[in-house]
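Visitor: Please take one part of this model and walk me through it closely. Start with a single residue, then widen the view.

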Amino acid sequence: MKFEMKNHLKPCAAVSIAIMVIALVLTFTGHGMNLGIDFTGGTLMTYSMGAEFDVADVEDALSQNGISDAQIAKTGEESTQVQIRISDQENTDDLRDALEEALSEKYPDIAYVDISRVGAVAGRDLINNAIKSVSFAAVLMLIYIAIRFDFYSGLAAVIGLVHDVAIMISFTVILSGFIRVETTFIAALLTIVGYSINNTIIIFDRIRENSHKAGVRQKAREEIVNISVAESLPRTLNTTITTLLTIVTLYVLGVDAIKQFALPLIIGIIAGTYSANLINGYVWAGLMDMRAAHKKAKKA
């Protein structure tokens with residue numbers, strides 16, 4: 001099956017910019033990201049359950065008391081203690097007693113251990129480290145692609161990378177009712193950086209091959225990109241659909257913590273496929289044409 005591609009860079013860029021603008025407007029009007037406890041701080045409650053326990057029972061007890069965003073972890077030498085991290089509550093003592101009463105039905109030896117206030121330091125550190133990691137990765141990718149292909153390919157790939165991250169963050173704002181930003185979101189963000197650049201490199205590799213192929217190299221750069229994207233599209237779609245099937249299944253069948261990782265990942269995979277096929281190659285062609293026009297004007 002033969003695919004025919006055309007340059008739709010301007011409308012695609014307009015759609016992406018519109019999504020980012022909507023996210024910015026929502027953020028500035030007080031409807032930004034739904035930040036989890038790691039980024040806002042909260043209260044840490046510790047109980048000794050007196051025996052092995054099921055985390056689902058703790059989740060049910062919390063749900064009965066109107067708490068759905070808690071982070072639960074097993075601790076202690078024999079994993080008989082539970083640490084519950086929740087957002088700040090007005091009546092912490094009442095909540096503590098209510099949880100103890102609800103859990104005592106299944107765990108009669110439950111005992112309150114400790115309660116403390118935790119800050120958002122870990123979340124801030126995680127954001128700073130993620131920004132440094134993405135920036136460092138972008139520089140290394142620029143260098144690698146510039147050496148393997150050319151500088152403008154590297155620049156176009158980094159532009160695509162920034163686009164994918166921006167789209168993923170924008171949808172996190174727009175879908176704040178479904179996506180809570182926790183540590184798993186940072187993991188999804190870093191995963192998309194690698195996934196996105198892989199798709200882009202495959203297409204740029206095909207562009208390079210076609211740029212030296214007889215019967216194709218004489219064509220305009222935009223047409224070479226059209227041909228290269230069309231040739232790569234079946235492989236790209238097969239890979240993307242296979243990956244999405246797995247991630248969507250995780251989202252549908254997974255627990256809340258898995259959903260908070262899977263949904264941003266789904267958005268990032270779609271954004272990465274979209275930019276690799278409809279944006280990055282045409283950005284490269286535009287940059288190369290601008291360079292050629294500049295050289296021509298300089299000689300004239």
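Guide: This is a predicted model. Val 113 is partly exposed, with a relative accessible area of 40%. That value lies between the cut-offs of 20% for buried and 50% for exposed, so the residue falls in the middle class. Val 113 sits in strand β5, which covers residues 111-118. Set aside its neighbours within four places in sequence, and Val 113 is in contact with Thr 46, Tyr 47, Ser 48 and Gln 81. Now look along the chain. Ala 137 is 24 residues from Val 113, and their C-alpha atoms are separated by 43 Å.

Ser 48 stands opposite Gln 81 in β4. Strand β2 spans residues 42-48, and strand β4 spans residues 81-86. Six bridges join β2 to β4, and the two run antiparallel. Strand β4 also pairs with β3, residues 71-75. Here five bridges join the strands, again in an antiparallel arrangement. Within this pair, Lys 74 stands opposite Val 82 of β4. The hairpin of β3 and β4 has five residues between its strands. One of them, Gly 76, takes a positive phi near 90°.

Next, a residue in a helix. Thr 172 belongs to helix α6, residues 151-174. Thr 172 has 0% relative accessibility, so it counts as buried. Beyond its neighbours within four places in sequence, Thr 172 is in contact with Met 33, Ile 179, Val 181 and Phe 185.

Phe 185 is among the contacts of Thr 172, and helix α7 runs over residues 183-211. Helix α7 packs with helix α8, residues 221-253. Their axes are 9 Å apart, at an angle of about 150°. Because angles over 145 degrees count as roughly antiparallel, α7 is roughly antiparallel to α8. The crossing of α7 and α8 is right-handed.

Which residues of α7 make the contact? They are Tyr 195, Asn 198, Asn 199, Ile 202, Ile 203, Arg 206, Ile 207, Asn 210 and Ser 211. On the α8 side, the contributors include Ile 224, Val 225, Ile 227, Ser 228 and Val 229. Glu 231, Ser 232 and Arg 235 of α8 also take part, as do Thr 236, Thr 239, Thr 240 and Thr 243. By class, the contact of α7 with α8 has eight nonpolar, ten polar and three charged residues.

Methods
Residues are numbered from 1 along each chain as its sequence is written. This is a predicted model: local features need pLDDT of at least 70, side-chain atom pairs count only at pLDDT 80 or more; totals for chains, interfaces and linings use all residues. Side-chain values use heavy atoms; hydrogens and water are left out. Axes are lines fitted to C-alpha atoms, for helices over the stretch in contact, and angles run from 0 to 180 degrees between N-to-C directions. Helices (H or I, at least four residues) and strands (E, at least two) are DSSP runs, numbered from the N terminus. Angles under 35 degrees count as roughly parallel, over 145 as roughly antiparallel, 65 to 115 as roughly perpendicular and the rest as oblique. A crossing is left-handed if the near helix is turned anticlockwise from the far one by less than a right angle, and right-handed if clockwise. Contact means heavy atoms within 4.5 Å. Ala, Val, Leu, Ile, Met, Phe, Trp, Tyr, Cys and Pro count as nonpolar, Asp, Glu, Lys and Arg as charged, and the others, Gly among them, as polar. Two strands pair if DSSP finds at least two bridges between them. Buried means under 20% relative accessible area, exposed over 50%, partly exposed in between (1.4 Å probe, protein chains only).
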